[in-house]
Amino acid sequence: MRALLLSIRMLSREWRSGELGVLLLALTVAVAALTGVGFLVSRISAAVSMQAGQVLAADLRLESPQPIDPTVIAQARKSGIRTALATGLLSVVFQGDQSQLADIDAVTGGYPLRGTVKVADQPFDRGAPARGIPPPGEVWPDSRLLAALGGRLGSRLSIGAAELRVGRVLISRPDEGGTFTGLLPNLLMNAADLPRTQLIQPGSRVSYGALFAGSPARVAGFKGWLEAHRRPQERLRDISSTSPQIKSAVDRAGRFLSLASLVAVLLCATAVAMSARRYVGRHLDSVALLKTLGATRRFTVWLATLQLLAVAALAAVIGSVIGYVAQAWLVYALRGLLASRALPPASLVPVAMGFLTAVALLAGFALPPLLQLSRVPALRVLRRDLGPPRPLVLLAFGPAAAVVALLIYWVVLDWKLFLGFTAGLAAFIALLALTGAVLVLAAGRLREGAGVAWRYGIASLSRRRADSIVQIVAFGTGIMALLLLGIIRNDLDGDWRRSLPADLPNYFFINIPPQSRNAFIAYLQARGARPSVVLPMIRGRLTAINGRQVETLRFADHRGEEFANREQNLTWSAALGAGNRVVAGRWWTPAQDGQPLVSVSTEFEKWLGLHLGDRLTFDIAGETFTVRVASIRKVKWDSFRPNFFIVFAPGLLDKVAGTYLTSAYLAPGAARSLAELARQFPSVSIFDIDDLLADVRSVMDKAVLAVQSVFGFTLLAGLTVLLAAVQSSRDERRFESAMLRTLGARRRTVLTGVLAEFAALGILSGLIAAAGASVAAYFLTTRVLDLRYAFSAWACLVGVAGGGLMVIASGWLATRSVVRQPPLATLRADI
Amino acid sequence: MNINPRQNTSAQAQVRSSVLKAEHLTKQVQSPEGLLTIVHDVSLDIASGESIAVVGPSGAGKSTLLALLAGLDLPTTGRVFLEGRDLTQLDEDGRALVRAERVGFVFQSFHLIPSLTALENVMLPLELAGHARARHAALETLRQVGLKDRARHYPRQLSGGEQQRVALARAFVTEPAVLFADEPTGNLDAATGGRIGQLLFEMNARSRTTLVLVTHDSDLATRCERIVHMDAGGLR
């Protein structure tokens, strides 16, 4: 207890004298970077989830062929979750003599729980958000349905046994899809009117949907309950099963952000380790003296632990505040980049994470050297050359390695990725250390021919052998991390921008009859629209794989069964589509026209467990086709261009009856043309994906913002490492500088020597870092982020030159005062 | 009558009880040239209240002997008894406790903790020993060395002489049984060194502490009751 009280008192004295400052600074930046990233990521992820949820009109959606069990709704309400019901069925809608098959959705109050329904007074007009749902007795048909029926606002539509009035025109609703599963026109009505229609009869095909929304924690809890209690035929959908475009963008942004925060954490860990090293160096004498005066080892251990806890707590508080303010400022500064909706408030979880990480970093990186400090022999008061005994390698590096491994796993949550990342990092650090050792060895030999300043600088390198190696590792890791993030950030950002140009098709046209194909294209072109590629679309069912009926096969992935048991959209094409990349096999040549070949997407390959050369049998319009898998394609689903899981070689399906699909960009205000088009080509289904595109753009804007700002934080963490690395040898430098100047060296000579040393360190670290970053970027872009990797000579140049300059600049900034200080002051202080 | 203090010492030592006793102390270390003997078979008996100077050329092993006597280091062979307790049988923490309660130090390079003020430096050994009125006692001792007004100054704000006076205050504040001084004037100019030496002996006389002094300063050495010469690790 006495030791505890005394160590607290000692601690407060250390605070006052500023001795804990460097360690505190490094850790504060670490926590600020972490919590800043954490706050921002939590806000952006919440925004992205909310936006993705809009596609479901809920956070969670239960779909069933039977009425939803009322206990499910009761349980949801008990869990504090908002609910709504949506009953979907197909029925012919009449207006006088006109009729049209339509997809009818009867919804209850509260629908949609996420996103908005947009309505207008004219078909194909720009919609405005609707207030609530259609009142009883009223329906909201969509533009296509109303155009096909020739109706208008106020018209009376017959649906089953009921007659209902057209109140508004439905322009869009959040859950209309984007996956092109529903090809029919839409009608939204109040669920209270459903019994009057008498449409639901025994045997009717009805889809019952229950929508749920609430706070993420409550939804997660309820989802667990629902998964355990749902009936086998019921299907649960959440954000992960929404449109592939948004999911893909969100996934990649998420992976990048996790990676970036991991890099920031590792950089800060390096800074903490270096600061702790310096702290220990500065306190060797004090601890030896304490022991001479009678302090026990236990007391010095207490002192070290208490100091660390206090530093962690203080850094957590200051760092969290800085992190919060920084991200708030960033969001404010970049508000123009964000789409209309504001970001939801940040959660407090990052503060806890920041504190825990600070404690973990200190425990792993600073506690071992501080505990080692307690082993300084008291005899050091008489013999200054004595330090603590060398620690066991396991004790010195074990905790740090364990903390790093834990942090990496915590971020990547994937064994394969974890092993790859850890092995890569270890190899890189080993390479840096080895190169450092070689440099130090070579420097000793090179210095003979150099001038006095360079000789002094280079001599410093080889004399501080261990320090120099540590500094090369720290500089190299810092530069590599920054370069790596820089390269990936550019790849990611560029990929997104390329995939979403301003004139991206915003309308999809499906079901174009072969005989109207040319007239349809001409119609679009005449109205200034540029149709993209026109692809045939044929419905077919997979019946056998390698001669075995699919009904008898078991698939590892449940999606395989879904694929095998339902009709697929098939196409044929001579050319490989944009956004498609062959990852196995070969795309067919013109000479292979008419051959029974098929190309499948990687999803299809994985879910059905296919291999190159497998024989697939399809039933297409009653005719059997057996084809061989000639290639496997990686499809960029977020490219917003028509894409198919299965593509046949040309010349095989030409004779099979099918329709065509295409997409085109139509400028805003093309409503009248579309209404006319719907009348002229009644069988063509028109999909307006403007809202979906806007959603995806908004998600990507947020992702880009996050990526940029995380990069900013990482840069800050990298600079802290540089500063900590430079600071670590500052005391020794101060003394040397004073000695040299006492011996008659000019200030400039000393400064040039210091800069020479840092230049050698910086350029070499930059060189290895550029090589390391290029290799790591290749693996990360191609294996983790699914991007195409382009080697960047520019990045290498920036690494070498920029890294060198940054190290020189930080070295100069940190040692400037050392050189400026009058030598006598330094020497006196040291005596 | 001119009394030679050195002739008097052994007689006095026999009267007074022994406070520090070294038996056949030898210290060897491994060096690139092989095993190096720094202290060779030294036996010494120091009486309570006695002042003893260890003199000799550089590298004679004086500081190592002092470290062994103070329990800062352990001998390769031989034993050290401080107030009857065998320091060589104690572990590091055990020796630290003995130092906290019974030993004081003054060093050539002062060894003040730079992050603590003069007062805090003086308070430190009292706090380590669990003294209840550390502040009061430390201030009183600082007054005795003439630095009460500089109590809140950090070491870097004090001159060399002042720093050594703080070190003296820190050494005497616990009223130790034995005070070890390693070249206490070695880093000071002659005049300041003289004043510090004067202060050291005054305080020593006042507190009746046993003084073990390692020095090159012959003036300082002659003030001691006994002088032992050391050369090549052994006593002459």
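Chains are lettered from A and ligands numbered from 1 in the order in which they are written, while residues are numbered from 1 along each chain as its sequence is written. The model is predicted, so local features need pLDDT of at least 70 and side-chain atom pairs count only at pLDDT 80 or more, whereas totals for chains, interfaces and linings use all residues.

**Helix α6 of chain A**
- Helices here are DSSP runs of H or I with at least four residues, and strands are runs of E with at least two, numbered from the N terminus.
- A:Val219, A:Phe222 and A:Leu226 are buried, where buried means 20 or more other C-beta atoms within 10 Å of a residue's own, exposed means 12 or fewer, and C-beta atoms are placed from the backbone.
- These buried residues fall within an arc of 70° seen down the axis of α6(A), so they line one face; the arc is taken from the directions from the helix axis to the C-beta atoms.
- On the other side of α6(A), A:Ala217, A:Gly224, A:Glu227 and A:Ala228 are exposed.

**Where the chains meet**
- 27 residues of chain B are in contact with 23 residues of chain A, contact being C-beta atoms, placed from the backbone, within 7 Å.
- On the side of chain B that touches chain A, α3(B) gives the largest share, six residues.

Conventions:
Two residues are in contact if their C-beta atoms, placed from the backbone, lie within 7 Å.
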